[in-house]
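This report looks at a few local features of a single predicted model, and readers are asked to follow along in the structure shown here.

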Amino acid sequence: MTPLSVQLYTVRELLAEDLPGTLDRLAALGLAHVEPFRLTDYAAQLGPALAASGLTAPTAHQHVVGTGAEDEIFATAAELGVATVFDPRIDRERFETADGVAAVADDLNAAAAVAARHGVRIGYHNHAQELEILHDGTPALELLAEHLGDEVVLEVDTYWAAVGGQDPVALLKRLGDRVTAVHVKDGPATPDPIDQVAVGQGGLPVREILAAAPQALRVVELDDTRGDRFQAVADSCAWLRAEGLA
(Lines give C-alpha, C1' and ligand atoms only; values in the text may rest on other atoms or scores of the structure.)
Protein backbone atom coordinates (compact mmCIF):
# COMPACT_ATOMS: atom_id res chain seq x y z
CA MET A 1 0.00 0.00 0.00
CA THR A 2 1.20 3.49 -0.83
CA PRO A 3 1.40 5.83 2.18
CA LEU A 4 -0.69 8.97 2.06
CA SER A 5 0.12 12.49 3.10
CA VAL A 6 -2.10 15.53 3.51
CA GLN A 7 -1.29 19.15 2.76
CA LEU A 8 -1.86 20.96 6.06
CA TYR A 9 -3.19 24.05 4.28
CA THR A 10 -6.39 22.02 3.96
CA VAL A 11 -6.94 22.27 7.72
CA ARG A 12 -5.35 25.68 8.25
CA GLU A 13 -8.01 27.02 10.64
CA LEU A 14 -7.75 23.95 12.86
CA LEU A 15 -3.97 24.30 12.88
CA ALA A 16 -4.24 27.89 13.99
CA GLU A 17 -6.48 26.84 16.89
CA ASP A 18 -4.65 23.68 17.97
CA LEU A 19 -1.72 22.42 15.93
CA PRO A 20 -0.81 19.39 18.12
CA GLY A 21 -4.42 18.31 18.42
CA THR A 22 -4.98 18.61 14.68
CA LEU A 23 -1.96 16.45 13.93
CA ASP A 24 -3.25 13.88 16.41
CA ARG A 25 -6.61 13.86 14.59
CA LEU A 26 -4.86 13.32 11.25
CA ALA A 27 -2.78 10.50 12.69
CA ALA A 28 -5.99 8.90 13.95
CA LEU A 29 -7.14 8.69 10.31
CA GLY A 30 -4.23 6.34 9.70
CA LEU A 31 -2.10 8.91 7.93
CA ALA A 32 1.66 8.50 8.14
CA HIS A 33 2.70 11.85 6.68
CA VAL A 34 1.75 15.49 6.45
CA GLU A 35 2.93 18.28 4.19
CA PRO A 36 3.38 21.54 6.13
CA PHE A 37 3.03 24.95 4.54
CA ARG A 38 4.85 28.13 5.61
CA LEU A 39 7.42 25.80 7.08
CA THR A 40 9.58 28.38 8.82
CA ASP A 41 6.55 30.04 10.44
CA TYR A 42 5.35 26.79 11.99
CA ALA A 43 8.72 25.16 12.65
CA ALA A 44 8.88 25.74 16.41
CA GLN A 45 5.49 24.08 16.94
CA LEU A 46 5.89 21.43 14.28
CA GLY A 47 8.92 19.67 15.71
CA PRO A 48 7.36 18.59 19.01
CA ALA A 49 3.91 18.06 17.50
CA LEU A 50 5.19 15.77 14.76
CA ALA A 51 7.12 13.72 17.28
CA ALA A 52 4.12 13.44 19.61
CA SER A 53 1.71 12.44 16.84
CA GLY A 54 4.04 9.93 15.19
CA LEU A 55 3.67 11.71 11.85
CA THR A 56 6.53 12.68 9.57
CA ALA A 57 6.81 15.48 7.02
CA PRO A 58 8.75 14.19 4.02
CA THR A 59 7.71 17.24 2.00
CA ALA A 60 6.82 20.84 2.83
CA HIS A 61 5.85 24.09 1.13
CA GLN A 62 7.86 27.25 1.62
CA HIS A 63 8.59 30.21 -0.64
CA VAL A 64 12.29 30.00 -1.45
CA VAL A 65 13.09 31.80 -4.70
CA GLY A 66 13.76 35.48 -4.13
CA THR A 67 13.70 35.29 -0.33
CA GLY A 68 17.43 35.39 0.32
CA ALA A 69 16.75 33.00 3.20
CA GLU A 70 17.72 29.74 1.54
CA ASP A 71 20.14 28.60 4.22
CA GLU A 72 17.63 29.23 7.00
CA ILE A 73 14.84 27.46 5.10
CA PHE A 74 16.83 24.35 4.26
CA ALA A 75 18.40 24.15 7.72
CA THR A 76 14.90 24.22 9.20
CA ALA A 77 13.74 21.54 6.79
CA ALA A 78 16.66 19.31 7.69
CA GLU A 79 15.99 19.75 11.39
CA LEU A 80 12.36 18.69 10.93
CA GLY A 81 13.20 15.71 8.73
CA VAL A 82 11.75 17.31 5.59
CA ALA A 83 13.46 15.78 2.56
CA THR A 84 12.00 18.07 -0.11
CA VAL A 85 10.94 21.70 0.09
CA PHE A 86 8.54 22.72 -2.67
CA ASP A 87 8.36 26.38 -3.62
CA PRO A 88 4.58 26.68 -3.94
CA ARG A 89 4.29 29.57 -6.39
CA ILE A 90 6.42 31.95 -8.40
CA ASP A 91 4.90 35.05 -9.97
CA ARG A 92 2.99 34.40 -13.18
CA GLU A 93 4.84 37.15 -15.03
CA ARG A 94 8.07 35.17 -14.83
CA PHE A 95 6.54 32.35 -16.89
CA GLU A 96 5.17 34.54 -19.68
CA THR A 97 8.34 34.42 -21.80
CA ALA A 98 10.67 31.55 -22.59
CA ASP A 99 13.58 33.55 -21.21
CA GLY A 100 11.62 34.14 -18.03
CA VAL A 101 11.02 30.42 -17.61
CA ALA A 102 14.72 29.74 -18.08
CA ALA A 103 15.51 32.35 -15.42
CA VAL A 104 13.12 30.67 -12.98
CA ALA A 105 14.96 27.41 -13.62
CA ASP A 106 18.27 29.15 -12.95
CA ASP A 107 16.95 30.34 -9.59
CA LEU A 108 15.72 26.88 -8.64
CA ASN A 109 18.98 25.30 -9.73
CA ALA A 110 20.92 27.78 -7.60
CA ALA A 111 18.69 27.07 -4.61
CA ALA A 112 19.25 23.35 -5.13
CA ALA A 113 22.96 23.83 -4.51
CA VAL A 114 22.17 25.44 -1.16
CA ALA A 115 19.65 22.72 -0.33
CA ALA A 116 22.24 20.04 -1.03
CA ARG A 117 24.52 21.48 1.64
CA HIS A 118 21.79 20.70 4.15
CA GLY A 119 20.97 17.27 2.73
CA VAL A 120 17.65 18.53 1.36
CA ARG A 121 16.11 18.86 -2.11
CA ILE A 122 14.13 21.71 -3.64
CA GLY A 123 11.19 21.29 -5.95
CA TYR A 124 8.45 23.34 -7.56
CA HIS A 125 4.68 23.04 -7.18
CA ASN A 126 2.40 24.26 -9.97
CA HIS A 127 -0.89 26.07 -10.11
CA ALA A 128 -2.95 26.69 -13.24
CA GLN A 129 -0.71 29.46 -14.55
CA GLU A 130 2.21 27.23 -15.53
CA LEU A 131 -0.12 25.09 -17.65
CA GLU A 132 -2.19 27.88 -19.18
CA ILE A 133 0.89 29.66 -20.50
CA LEU A 134 2.23 27.99 -23.63
CA HIS A 135 5.51 28.54 -25.47
CA ASP A 136 5.35 27.16 -29.00
CA GLY A 137 2.63 24.83 -27.78
CA THR A 138 4.58 23.61 -24.74
CA PRO A 139 3.19 24.42 -21.27
CA ALA A 140 5.51 26.62 -19.25
CA LEU A 141 5.83 23.89 -16.59
CA GLU A 142 7.25 21.45 -19.12
CA LEU A 143 9.60 24.07 -20.50
CA LEU A 144 10.73 24.73 -16.93
CA ALA A 145 11.42 21.02 -16.44
CA GLU A 146 13.65 21.01 -19.51
CA HIS A 147 15.88 23.65 -17.90
CA LEU A 148 16.02 22.17 -14.40
CA GLY A 149 19.02 20.29 -13.09
CA ASP A 150 18.48 16.67 -12.13
CA GLU A 151 18.48 17.61 -8.44
CA VAL A 152 15.31 19.75 -8.77
CA VAL A 153 12.01 17.86 -8.62
CA LEU A 154 8.35 18.63 -9.18
CA GLU A 155 5.13 18.25 -7.25
CA VAL A 156 2.27 18.25 -9.73
CA ASP A 157 -1.02 19.63 -8.49
CA THR A 158 -3.21 17.56 -10.76
CA TYR A 159 -6.32 19.66 -10.11
CA TRP A 160 -4.73 22.94 -11.09
CA ALA A 161 -3.13 21.24 -14.08
CA ALA A 162 -6.63 20.37 -15.26
CA VAL A 163 -7.86 23.89 -14.55
CA GLY A 164 -4.94 25.11 -16.66
CA GLY A 165 -6.24 23.14 -19.63
CA GLN A 166 -3.91 20.14 -19.51
CA ASP A 167 -4.77 16.47 -19.18
CA PRO A 168 -3.10 15.61 -15.86
CA VAL A 169 -2.57 11.98 -16.86
CA ALA A 170 -0.73 12.86 -20.05
CA LEU A 171 1.18 15.61 -18.27
CA LEU A 172 2.44 13.25 -15.58
CA LYS A 173 3.54 10.73 -18.19
CA ARG A 174 5.49 13.41 -20.07
CA LEU A 175 7.19 14.71 -16.92
CA GLY A 176 8.11 11.19 -15.78
CA ASP A 177 10.33 10.59 -12.76
CA ARG A 178 10.91 14.32 -12.27
CA VAL A 179 7.58 14.17 -10.39
CA THR A 180 8.17 12.99 -6.82
CA ALA A 181 4.83 14.08 -5.33
CA VAL A 182 1.30 14.73 -6.58
CA HIS A 183 -1.52 16.66 -5.05
CA VAL A 184 -4.53 14.34 -5.18
CA LYS A 185 -7.70 16.40 -5.51
CA ASP A 186 -11.11 16.12 -7.09
CA GLY A 187 -13.92 18.22 -8.42
CA PRO A 188 -15.06 19.80 -11.69
CA ALA A 189 -11.72 21.51 -12.42
CA THR A 190 -13.07 25.04 -12.23
CA PRO A 191 -10.95 28.02 -11.11
CA ASP A 192 -13.04 28.48 -7.93
CA PRO A 193 -11.48 26.44 -5.09
CA ILE A 194 -14.86 26.16 -3.35
CA ASP A 195 -15.87 23.66 -6.06
CA GLN A 196 -13.30 21.10 -4.88
CA VAL A 197 -14.70 17.96 -3.26
CA ALA A 198 -13.37 14.89 -1.45
CA VAL A 199 -11.32 12.57 -3.64
CA GLY A 200 -13.65 10.11 -5.36
CA GLN A 201 -16.62 12.46 -5.33
CA GLY A 202 -15.70 14.53 -8.38
CA GLY A 203 -14.91 14.17 -12.04
CA LEU A 204 -11.12 13.81 -12.20
CA PRO A 205 -9.73 10.43 -13.34
CA VAL A 206 -8.00 9.77 -10.03
CA ARG A 207 -7.10 6.14 -10.72
CA GLU A 208 -5.46 7.02 -14.02
CA ILE A 209 -3.69 10.01 -12.49
CA LEU A 210 -2.11 7.89 -9.76
CA ALA A 211 -1.20 5.14 -12.22
CA ALA A 212 0.65 7.73 -14.32
CA ALA A 213 2.97 8.61 -11.42
CA PRO A 214 3.39 5.44 -9.33
CA GLN A 215 6.66 6.73 -7.88
CA ALA A 216 5.13 9.91 -6.46
CA LEU A 217 4.06 10.56 -2.89
CA ARG A 218 0.28 11.00 -2.80
CA VAL A 219 -0.71 14.19 -0.99
CA VAL A 220 -4.41 14.81 -0.39
CA GLU A 221 -5.40 18.47 -0.52
CA LEU A 222 -8.42 20.70 -0.75
CA ASP A 223 -7.82 24.41 -1.16
CA ASP A 224 -11.44 24.81 -0.11
CA THR A 225 -14.77 23.01 -0.29
CA ARG A 226 -18.40 23.69 0.52
CA GLY A 227 -18.43 21.30 3.44
CA ASP A 228 -16.09 20.53 6.31
CA ARG A 229 -12.51 20.23 5.02
CA PHE A 230 -11.33 17.83 7.72
CA GLN A 231 -14.22 15.51 6.90
CA ALA A 232 -13.31 15.79 3.23
CA VAL A 233 -9.77 14.64 4.09
CA ALA A 234 -11.18 11.68 6.02
CA ASP A 235 -13.51 10.80 3.15
CA SER A 236 -10.68 11.13 0.63
CA CYS A 237 -8.42 8.78 2.57
CA ALA A 238 -11.23 6.27 3.05
CA TRP A 239 -12.05 6.26 -0.67
CA LEU A 240 -8.42 5.90 -1.76
CA ARG A 241 -7.98 2.94 0.57
CA ALA A 242 -11.25 1.32 -0.48
CA GLU A 243 -10.13 1.59 -4.11
CA GLY A 244 -6.73 0.06 -3.34
CA LEU A 245 -4.97 3.34 -4.18
CA ALA A 246 -3.39 3.84 -0.75
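H125 lies in strand β4, which covers residues 121–125; strands (E, at least two residues) and helices (H or I, at least four) are DSSP runs, numbered from the N terminus. The model is predicted, so local features need pLDDT of at least 70 and side-chain atom pairs count only at pLDDT 80 or more, whereas totals for chains, interfaces and linings use all residues. Residues are numbered from 1 along each chain as its sequence is written, and side-chain values use heavy atoms, with hydrogens and water left out.

H125 is buried, with a relative accessible area of 2%, where buried means under 20% relative accessible area, exposed over 50% and partly exposed in between (1.4 Å probe, protein chains only). The table gives two pairings of its side chain.

| Partner of the H125 side chain | Distance |
|---|---|
| Side chain of D157 | 3.4 Å |

The pairing with D157 is a polar contact, that is, a pair of N or O atoms within 3.5 Å, of which, within protein, one must be able to donate a hydrogen and the other to accept it, while residues adjacent in sequence count only if both atoms are side-chain atoms. Leaving aside residues up to four places away in sequence, H125 touches H61, F86, D87, P88, R89, E130, E155, D157 and H183, with contact meaning heavy atoms within 4.5 Å.

**Helix α3**

Helix α3 (residues 39–53) has 15 residues, yet its end C-alpha atoms are only 18 Å apart, short of the 21 Å that a straight helix would reach at 1.5 Å a residue; the expected span is 1.5 Å times one less than the number of residues. A kink of about 55 degrees lies at Q45, shortly before the proline P48, the bend being the angle between axes fitted to the seven residues ending at a residue and the seven starting there. The buried residues of α3 are L39, Y42, A43, L46, A49, L50 and S53, and what covers them includes α2 (19–28), β2 (59–61) and α4 (70–80). Just after α3, G54 takes a positive phi of about 80 degrees.

**A232 in helix α11**

A232 is placed in helix α11, residues 229–242, and is buried with a relative accessible area of 7%. Not counting residues up to four places away in sequence, A232 touches A198 and L222. Between A232 and T59 there are 173 residues in sequence and 21 Å in space, C-alpha to C-alpha.
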